[in-house]
Amino acid sequence: MPSYSYLFLAILLITTTTLPPPPAEAGGGEWQLMQKSIGIVAMHMQLLHTDRVLIFDRTDFGLSNISLPHGRCRHDPREIAVKTDCTAHSVEYDVPSNTFRALFIQSNVWCSSASVAADGILVQTGGYNDGEKAVRTFTPCPTCDWNELPDQLAARRWYATNHKLPDGRQIIVGGRRQFNYEFHPKTNANAKNAYSLPFLVQTNDLNEENNLYPFVFLNIDGNLFIFANNRAILFDYSKNNVVRTFPNIPGGDPRCYPSSGSAVLLPLKPKFLEAEILVCGGAPRGAFKEAKSGNKFIKALNTCARVKITDPNPEWVVEKMPRGRVMSDMVLLPNGNVLIINGAGSGSAGWENGRDPVLNPYVYNPDAPTGSRFEILKPSKIPRMYHSSAILVRDGRVLVAGSNPHVGYNFSNVMFPTELSLEAFSPPYLEPGLRNVRPVIVSPTGSGTKVRYGEKLKVRFGVEALVKDLVRVTVLAPPFSTHSFSMNQRMLVLEGSSVTNMGGPTTTYEVEVTTPGSPVLAPPGFYLLFVVHKDVPSEGIWIQIL
Ligand SMILES: *[C@@H]1O[C@H](CO)[C@@H](O)[C@H](O)[C@H]1NC(C)=O
Ligand SMILES: *[C@@H]1O[C@H](CO)[C@@H](O)[C@H](O)[C@H]1NC(C)=O
């Protein structure tokens, strides 16, 4: 580590003393290289309420670039690559101190899924080989490590999607050759059932699938919106009943793995009567096969499609992105905008299948007039395609890491070397020039203020130049990010009173908000709460809704 920072400092000194200062860049955000290497590929990432990020890769590609602590090694006779492996395949990154530590995983977590439970414990499910039916938990604490429960699932879950339910359980939908779903935990010791879901058979393309890592969201009516391939259903999971079938997405091209587009539930707004889904990018049908067997890399889809899922006669509305992208991540920002980041301009997901990295993030403003919703932001220098991920952290930055299109780690003689670095993207709202409009939350203080459903909560904040009507309070469920999809990503704009001036020597204000009215609107657990003023967010505070 020290050698890197000296090197970095040296480069910095050289560049600052020998080159003229770069022109002042207004707008577009900023990129920061936080770690040259975290030792592993960030295939999966989740922010925990300790401001630490749990990151994991897979166990069966060979050795990683970080050793397990205390001379520990993993012995696994069922492992495919290395049966005795003294390297780590998971790390925990501490955001405030910009440090990380190695964690120990026994069985294979490759292409798996997870949710954070109501108590803040991450519950991960499935993977590959000896890990395909395992459930693993991670309790957030500075010295905690993974805890593994083998053989907990009814079916093998590889490329499945998880979603938290209002009762605190999670549902696990699909996975490779699994046309069914199950719950975790089970209601009783004997209930190990998987329930059949024919929709996943209907959306399974021959040789290409295109229905893996389906986009699953909890609708405000308690049903699940499930999108796979090029279409969606509204699904009552308690009765195993399709409530509504949505029209196919216009154009008919697939949006799910390996034609990986992405999707978000747009911020839910008072009075919580409507919900909208936005699906962006993907690859034309056949792109996977062409890349794999024909060495042809087809241009990615340049469309987003938006649908009101609460509408009894829903219609997709199509919008054009500035250019096509596949394998991009969609990240909800504290101000309700959607960041589209990472990905490729052609090809598809899968080994060696991506080309033409897209380095510019886009921001999509769902409330702007049609035709002026996209803004192109400052590019990164590092391609992040297959097996990369992106998540928002409490201070409003977006962490991006990973990218590895190869079967093992490969740093030389390849077009896109395995990427072990971790970067932070600061969206334009973090620019120093906005200091006088940026709110700072004064209270509640401390982490994890507990609130109940439908409760009044007074939020105090300071801001230099207030425009009272332009204050909003948002809460965000930090998602589990993998393979271009963020599971459980959910934002609510809270109902609030008008802003009152608290007087005093500094300019302090108070707004009284109502917490979400039910666990259907916001399943129990940890959320980040932000005060947003003129579209500029404060740092978040953690609240626990129970
Ligand atoms: C990872 O380790 C390999 C083998 O020791 C080395 O060649 C490579 O440069 C390392 N990569 C990074 C990014 O640290
Ligand atoms: C990396 O990929 C190149 C090109 O396919 C191959 O020649 C080389 O053996 C690979 N290296 C490793 C360490 O797998």
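For the colouring to come, count Ala, Val, Leu, Ile, Met, Phe, Trp, Tyr, Cys and Pro as nonpolar, Asp, Glu, Lys and Arg as charged, and the others, Gly among them, as polar. This is a predicted model, where local features need pLDDT of at least 70 and side-chain atom pairs count only at pLDDT 80 or more, while totals for chains, interfaces and linings use all residues. Residues are numbered from 1 along each chain as its sequence is written, and side-chain values use heavy atoms, with hydrogens and water left out.

Start by colouring domain 1 (4–430) and domain 2 (435–545) separately; the bounds come from an automatic or database domain assignment. Their centres, taken over C-alpha atoms, are 25 Å apart. Domain 1 puts 71 residues into the contact and domain 2 puts in 39 residues, with contact meaning heavy atoms within 4.5 Å.

Now select Lys271 and Glu495: they form a salt bridge, with 3.1 Å between the closest N and O atoms. (That term needs a side-chain nitrogen of Lys or Arg within 4 Å of a carboxyl oxygen of Asp or Glu.) Between the two domains the count is two salt bridges.

Next, pick Pro267, Lys269, Asp367, Arg472 and Val493. What do they surround? Of the 25 residues lining the second largest pocket, these lie nearest its centre. A pocket here is an open set of points on a 1 Å grid over the protein atoms alone, where a 1.4 Å probe fits, with protein on both sides within 12 Å along at least five of seven lines; lining residues have an atom within 4 Å of a point. Colour the lining by type and you get 11 nonpolar, four polar and 10 charged. Both domains give residues to this lining, so the pocket lies between them.

Technical notes:
Chains are lettered from A and ligands numbered from 1 in the order in which they are written.
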